[in-house]
Structure formats: structure tokens, C-alpha cells
Amino acid sequence: MTTTDRDETRSRDGLASQAVITAEIERIREEDARSVVPRTQPRIDFAPYRSSILRHPTKDLHQADPETIELASPVFGHQDVKPLEADLTIQQNGEPIGERIRISGRVLDGDGRPVRRQLVEIWQANAAGRYVHKRDQHPAPIDPNFTGAGRALTDDEGTYSFLTIKPGPYPWRNHRNAWRPAHVHFSIFGTEFTQRMITQMYFPGDPLFPLDPIYQSITDQHARDRLVAQYDHDSSEHEWLLGYRWDIVLTGSHATWTERDGGTDHV
Ligand SMILES: [Fe+2]
């Protein structure tokens with residue numbers, strides 16, 4: 001935290017300082033710590049994440065007939081997903097810049113059983129923290145060899161694997177000098193469109209964790225920890241890449257946090 005952050009509660013551009021955001025995060029965490037039931041899912045009315053206040057649901061969700069929805073919703077066939085789509089480093093004409101990594105893990109149900117043939121989609125910023133997205137205009141370079149999107153199907157063991165580049169942290173306008181910890185967005189499609197779940201995976205030891213209101217919108221430490229991949233030396237490859245392991249648990253007390261009720265960040 002800088003002296004400027006500490007001294008000012010609101011900067012000239014009207015954004016709150018990190019000190020204000022951090023104090024709000026701490027106050028809500030203390031409030032939730034008194035709760036008997038740990039909050040393992042994000043609070044949708046989490047004020048430190050400013051834009052979520054404007055767009056989270058305030059009324060009960062409408063119940064809809066899932067069969068009717070599926071008549072007009074996207075569908076995919078397993079044959080549509082090509083194995084090479086899981087390699088984000090070969091989508092263009094050259095090698096993307098950055099730290100080559102593999103992210104692999106298993107999709108499991110609450111009883112530890114593999115969830116097979118699941119469509120897993122990821123999207124992420126490049127090594128400089130820039131998305132290929134018209135709303136991302138911050139002054140970091142676009143990598144012409146990296147689009148940052150990939151997909152894969154889980155195998156019989158529920159295992160998925162992506163070859164990609166480690167994303168960089170990026171600034172966003174939630175508050176003054178706000179930076180998102182490096183992360184990869186994940187979507188698990190389920191067996192029907194109505195089951196789709198979205199979450200984010202983080203990298204171990206990121207110094208931005210305590211400052212980030214999206215990560216901190218889950219006030220239970222153990223639940224937050226489950227969003228952080230582990231470095232996996234056995235899946236690193238000699239002179240080629242670093243391996244990270246991240247399992248996704250869909251249900252039960254160890255379920256991975258998802259964005260089913262709240263919003264996500266700007267892209
Ligand atoms: Fe993001």
C-alpha cells in the first residue's frame with residue numbers, strides 16, 4: 001500500500017482507495033466469521049466489488065422449465081471439441097510470449113467420483129495481463145500469437161489438461177490502483193446448458209490476494225484456498241513448461257466456488 005493510498009479515501013477520479021476497499025473487506029470478513037455456517041460461496045452483495053452491487057440479482061430467480069430452455073440454447077457434440085483446442089500456444093502462427101505452463105486436474109462430484117466427458121472452457125489474459133477484448137484497452141501489449149481461449153473434454157478419470165501461458169495481473173477500475181491477481185476463468189458446461197458453472201483459478205503465492213475484492217468476496221479462507229492451483233513438479237517438463245494442478249469439485253462441502261449467483265469481472 002502506498003502513502004497516497006493510506007492518506008486519501010477517495011482519489012481525484014472518484015475511485016475509492018485500496019485502504020478503503022481493504023477496510024471494507026476486513027469488516028465483512030469479521031462479520032462472516034461470527035456466522036455459524038462458513039460462507040463458502042461469494043457474497044453477491046459484496047460492496048468492495050463495486051460493480052457487483054449494481055448488477056447482482058435482487059429478486060428471487062424465476063423457475064424455468066429446463067427442457068424448454070434447451071430448445072433455444074447452444075448445444076455441442078463431443079465430436080466438435082478437438083484435442084488441439086486444449087493447447088492455447090499453437091492457435092496462431094508463432095509462439096506466444098510468456099511462461100509456458102500446463103494446468104491439469106480433475107472434475108469431481110461431491111463424493112469424489114470423476115465427472116466424465118465434461119466440456120471445460122477457459123479464457124484468460126496474456127502474459128502482459130491483456131485480454132483480446134474490445135473493452136480491455138489498458139496499455140499492455142496484445143500478443144498476436146495468443147488469443148487466450150481454449151476448451152477440452154474430461155476423460156474417463158474426469159481429468160482435463162490445458163497447455164497455455166501464465167497470465168499476468170491486470171488493472172481494473174473497481175478502485176484506485178486496483179489489480180486483479182493472475183487468474184484463469186473456467187466454465188464447466190455440465191450435461192445441460194442450464195447447469196453451466198463459471199469460476200476462476202488462481203496461482204499460488206500471489207501478493208494481490210489480500211487486496212482483491214473478487215477473490216475476497218468468498219469470506220471463508222478454506223473456500224478461497226480451493227481456488228488456488230498448486231505447483232506440480234511432476235507435471236512440469238524438462239526445459240519446456242511448469243505444471244499446475246487444480247481440481248474442481250462440483251458439489252458438497254468442498255465444492256469449488258462458482259459465479260452462479262454473482263457477477264464476474266469485466267471480461
Ligand atoms: Fe479476468
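Reading a sheet, a helix and a core

A: In this predicted model, 4 strands form an open sheet in the order S3-S2-S7-S8, and their pairing is antiparallel.

Q: Which strands are the edge strands of this sheet?

A: The edge strands are S3 (149–153) and S8, each of which pairs on one side only. Neighbouring strands in the sheet are turned by 25° against each other on average, direction ignored.

Q: What holds strands of a sheet together?

A: Strands pair through backbone hydrogen bonds, and the pairing is either parallel or antiparallel. Here, S2 and S3 pair in the antiparallel sense over 5 bridges. Leu119 stands opposite Leu153 in S3.

Q: How many Å should helix H2 span, and how far apart are its end C-alpha atoms?

A: Helix H2 covers residues 18–33, which makes 16 residues. At 1.5 Å a residue it should span 22 Å, and its end C-alpha atoms are 22 Å apart, so the two agree.

Q: Which residues of H2 are buried?

A: The buried residues of H2 are Gln18, Ile21, Ile25 and Ile28. Seen down the axis of H2, they fall within an arc of 100°, so they line one face of the helix.

Q: Why do residues three or four places apart in an α-helix point the same way?

A: An α-helix has 3.6 residues a turn, so residues with that spacing point the same way. On the other side of H2, Arg27, Glu30 and Glu31 are exposed.

Q: Where does Asp13 lie?

A: Asp13 lies in the loop between helix H1 (3–7) and H2.

Q: Is Asp13 buried or exposed?

A: Asp13 counts as exposed because it has 7 C-beta neighbours inside 10 Å, and a residue with 12 or fewer is exposed. Asp13 and Arg176 are 163 residues apart in sequence, while their C-alpha atoms are 8.3 Å apart in space.

Q: Where do nonpolar side chains tend to be in soluble globular proteins?

A: They tend to be buried together. In this model, the largest nonpolar core has 36 residues. Those with the most contacts inside this core are Ile103, Val107, Phe162, Phe186, Met201 and Ala229.

Q: Which elements give two or more residues to this core?

A: They are H2 and the strands S1 (100–108), S2 (119–124), S4 (159–165), S7 (183–188) and S8 (197–202). S1 gives the most, with 4 residues.

Q: Which residues does Val107 touch, not counting those up to four places away in sequence?

A: Val107 touches Val115, Gln118, Val120, Thr154, Gly158, Tyr160, Ile188, Ile248 and Leu250.

Definitions and conventions: Residues numbered from 1 in each chain as written. Predicted model: local features only at pLDDT ≥ 70, side-chain atom pairs only at ≥ 80, totals over all residues. Expected span 1.5 Å × (residues − 1). Buried ≥ 20, exposed ≤ 12 C-beta atoms within 10 Å, placed from the backbone. Arc of directions from axis to C-beta. Core = buried A, V, L, I, M, F, W, Y, C linked by C-beta atoms within 7 Å. Contact = placed C-beta atoms within 7 Å. Pairing = 2+ DSSP bridges. Axes fitted to C-alpha atoms, helices over the stretch in contact; angles between N-to-C directions.
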